[in-house]
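Please look over the structure shown below before reading on. The notes after it are meant for someone who has not seen it before.

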Amino acid sequence: MIDFLLSDKTKICPIEVKAEGYSTHRSLDEFCTKFSSRVGNRYLVNTKDLRKDGNTILVPIYMAGAL
């Protein structure tokens with residue numbers, strides 16, 4: 001489930017938050033497919049380290065305020 005949307009000029013940036021480890025981010029992928037022309041960066045906030053998984057930027061929870 002998409003938890004937040006940020007505006008980045010003319011694009012939207014969906015954010016999904018996972019409390020624990022994750023195996024998939026299907027709802028984020030489906031949202032980005034459905035609204036592909038409007039989506040900029042896509043973020044997954046979790047308890048892991050900062051990294052990139054394909055087009056998704058995985059952000060540790062302590063860095064969420066920097067988005």
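Predicted model: local features only at pLDDT ≥ 70, side-chain atom pairs only at ≥ 80, totals over all residues.

The briefing starts with strand S3, which spans residues 42–46, and then turns to Thr56, a residue of strand S5.

**Strand S3**
- Five of the five residues of S3 are buried, so the strand is largely enclosed by the rest of the structure.
- Arg42, Leu44 and Asn46 point one way from S3, while Tyr43 and Val45 point the other way.
- The residues on both sides of S3 are all buried.

**Pairing of S3**
- S3 pairs in the parallel sense with strand S2 (residues 11–17), over three bridges.
- Tyr43 in S3 is the bridge partner of Ile15.
- S3 also pairs in the parallel sense with S5, here over five bridges.
- Asn46 stands opposite Pro60, a residue of S5.

**Thr56**
- Thr56 lies in strand S5, which covers residues 56–60.
- Is Thr56 buried or exposed? Thr56 counts as buried because its relative accessible area is 0%, and the cut-off for buried is under 20%.
- The side chains of Thr56 and Arg42 make a polar contact at 2.8 Å.
- Leaving aside residues up to four places away in sequence, Thr56 touches His25, Leu28, Asp29, Arg42, Tyr43, Leu44 and Arg51.

Note on methods. Residues numbered from 1 in each chain as written. Heavy atoms only, no water. Helix = DSSP H or I, 4+ residues; strand = E, 2+ residues; numbered from the N terminus. Buried < 20%, exposed > 50% of the residue type's maximum accessible area, 1.4 Å probe, protein only. Polar contact = N/O pair within 3.5 Å; in protein donor to acceptor, adjacent residues only side chain to side chain. Contact = heavy atoms within 4.5 Å. Pairing = 2+ DSSP bridges.
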